[in-house]
Amino acid sequence: MSESTTVAPFDLDAYMDAPPEKIPEIKVAIKTTAARASGGLSQIVAEGDSWFDYWILLDMVDCLQGEFGWQISNYARHGDTLENMLVGNRTDSDGNRVQPGISAALAELRAVNAKVLILSGGGNDIAGDEFYNYLNHKDSGESDLLKVAKLEEMIHGNMRSWIVSTITKVQDINQTRLPDDKCKIFMHGYGYAYPSGKGLGFGWGPTLSGPWLQPSLLRKGITDIKVGAILAERLIDMYNEMLGSLMKEYASEFEYVNLRGEIDRYMSPANEGDWGNELHLTRRGYRKAAREFGKKIKDHLSRNSRP
């Protein structure tokens, strides 16, 4: 990929405050402009959850395409779990196993010789209804309201193994490539979600989805939301620590992008930081995250480009 294809003539600034009804056409314009800037070739393949597929607003993939001009083949699906996207846990109406989304993403990566696979996942495996399973009841007598051992088994055991399975597949792909064609995975660990009780919506009308954290806390008798926020923060830190350990072990194929310091925290209803609701960022928040991702990706591409 040449350096000239890394900047698209798309003015994201002009669309940061566009009304929600304009979002679909803005997404199309971003994709069209990125395709033109990249010559119609996908340099990046994406698999993930709503941080990469946020239909209601601009997401990280939109911002990566708009900010850097990269065409991205996006296999993300909002609401998807890391388990389903990387190893598969669903069957069709006939009881046949449905292949995980990563299978199609990796096939695309091979077909277009892309050098970057971006991943966003894990939140739906431990938030929402699942969050309840990792909390002790306030009146249980337990010294810790977080079920640390169970969380460690999930994060450092299951989730880590699912990611390693994809790293191994990328290693296999890289064995067939020249040194300057190597592919690398880039993955984030979210930011510090806050159990504000705010779900997904337009600010008027019914809540479309969520909230995903506060209901579980309340069911466990944890009514002090500041206490709940600390629990959520510890969970996020555990997940990020696991991703960081993967980068140390698989530095050639895997890069963890720490977004915790880039995303402004939720402070109060009057100062929500970069958070649009309990689990999702605002447009500006996703743009910040995309810029941090983009810096790492651009560095990888510059070091793995033919003259």
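**Aromatic rings**

Modeller: Trp51, Tyr54, Tyr190, Tyr239, Trp275 and Tyr286 form one aromatic cluster. The model is predicted, so local features need pLDDT of at least 70 and side-chain atom pairs count only at pLDDT 80 or more, while totals for chains, interfaces and linings use all residues. Residues are numbered from 1 along each chain as its sequence is written, and side-chain values use heavy atoms, with hydrogens and water left out.

Biologist: How is a pair of aromatic rings described?

Modeller: The distance of the centres and the angle of the planes describe such a pair. Rings of Phe, Tyr and Trp (its six-membered ring) pair if their centres lie within 6.5 Å; planes under 30 degrees apart count as stacked, over 60 as edge-to-face and the rest as tilted. The structure holds 8 aromatic pairs. One of them, Trp51 with Tyr286, is edge-to-face, at 5.4 Å centre to centre and 85° between the planes.

Biologist: Which parts does the pair tie together?

Modeller: Trp51 lies in the loop between strand 1 (44–48) and helix 2 (60–68) and Tyr286 in helix 9 (residues 283–303), so the pair ties together parts that are 235 residues apart in sequence. Helices (H or I, at least four residues) and strands (E, at least two) are DSSP runs, numbered from the N terminus.

Biologist: Are Trp51 and Tyr286 buried or exposed?

Modeller: Both are buried, that is, under 20% relative accessible area, where exposed means over 50% and partly exposed in between (1.4 Å probe, protein chains only). Of the 307 residues of the protein chain, 52% count as buried.
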